[in-house]
Amino acid sequence: MRMHLSTAAGFLLLAGVGAAAAQDVIIAPEQETVIREYVKKQPLASVKIPGVELNIGSPLPDTVELHEVPDTEYRYVVVDNRTVVVDPGTRKIIKIIE
């Protein structure tokens with residue numbers, strides 16, 4: 001009985017990890033190249049956002065202006081001198097370009 005509970009718990013844990021990974025946004029290499037080149041050509045002034053940690057998945061407040069990257073569905077902003085690529089639908093950080 002104990003073995004069955006342990007196995008079931010393991011499957012549930014793996015299912016949870018799989019669900020979290022499915023929510024990650026993967027930028028195609030071609031789109032990442034477009035974003036990197038555009039950001040270099042269109043530099044923005046850096047902004048400070050108190051209380052927000054720059055991590056993948058962290059949402060940015062509505063007060064932060066996001067800038068369009070042509071030919072992609074993503075937006076970007078420069079925070080603390082780091083370029084941050086954002087999903088405009090969720091406002092979550094999906095990539096940090098150093």
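User: Which residues is Ser-58 in contact with, leaving aside its neighbours within four places in sequence?

Analyst: In this predicted model, Ser-58 is in contact with Glu-53, Arg-91, Lys-92 and Ile-93 once neighbours within four places in sequence are left aside.

User: And what does the side chain of Ser-58 have 3.2 Å from a polar atom?

Analyst: That is the backbone oxygen of Glu-53.

User: Where is Ser-58 found, and is it buried or exposed?

Analyst: Ser-58 is found in the loop between helix H2 (29-41) and strand E1 (67-68), and it counts as buried because its relative accessibility is 15%, where the cut-off is under 20%.

User: OK, switching to the largest nonpolar core: how many residues?

Analyst: It has eleven residues, among them Ile-49, Val-64, Val-77 and Ile-93, and strands E2 (75-79), E3 (82-87) and E4 (92-97) each supply at least two residues of this core.

User: What does Val-64 touch?

Analyst: Not counting residues up to four places away in sequence, Val-64 touches Ile-49, Val-77 and Arg-91. A second, separate core of nine residues includes Ile-27, Ile-35, Tyr-74 and Ile-97.

User: How many aromatic pairs?

Analyst: The count comes to one aromatic pair. The ring centres of Tyr-38 and Tyr-76 are 6.1 Å apart with the planes at 90 degrees, so the pair is edge-to-face, and it links distant parts of the chain, with Tyr-38 in helix H2 and Tyr-76 in strand E2, 38 residues apart.

Conventions: Residues are numbered from 1 along each chain as its sequence is written. This is a predicted model: local features need pLDDT of at least 70, side-chain atom pairs count only at pLDDT 80 or more; totals for chains, interfaces and linings use all residues. Side-chain values use heavy atoms; hydrogens and water are left out. Helices (H or I, at least four residues) and strands (E, at least two) are DSSP runs, numbered from the N terminus. Buried means under 20% relative accessible area, exposed over 50%, partly exposed in between (1.4 Å probe, protein chains only). A polar contact is a pair of N or O atoms within 3.5 Å; within protein, one must be able to donate a hydrogen and the other to accept it, and residues adjacent in sequence count only if both atoms are side-chain atoms. Contact means heavy atoms within 4.5 Å. A nonpolar core is a set of buried Ala, Val, Leu, Ile, Met, Phe, Trp, Tyr and Cys residues joined through side-chain atoms within 4.5 Å. Rings of Phe, Tyr and Trp (its six-membered ring) pair if their centres lie within 6.5 Å; planes under 30 degrees apart count as stacked, over 60 as edge-to-face and the rest as tilted.
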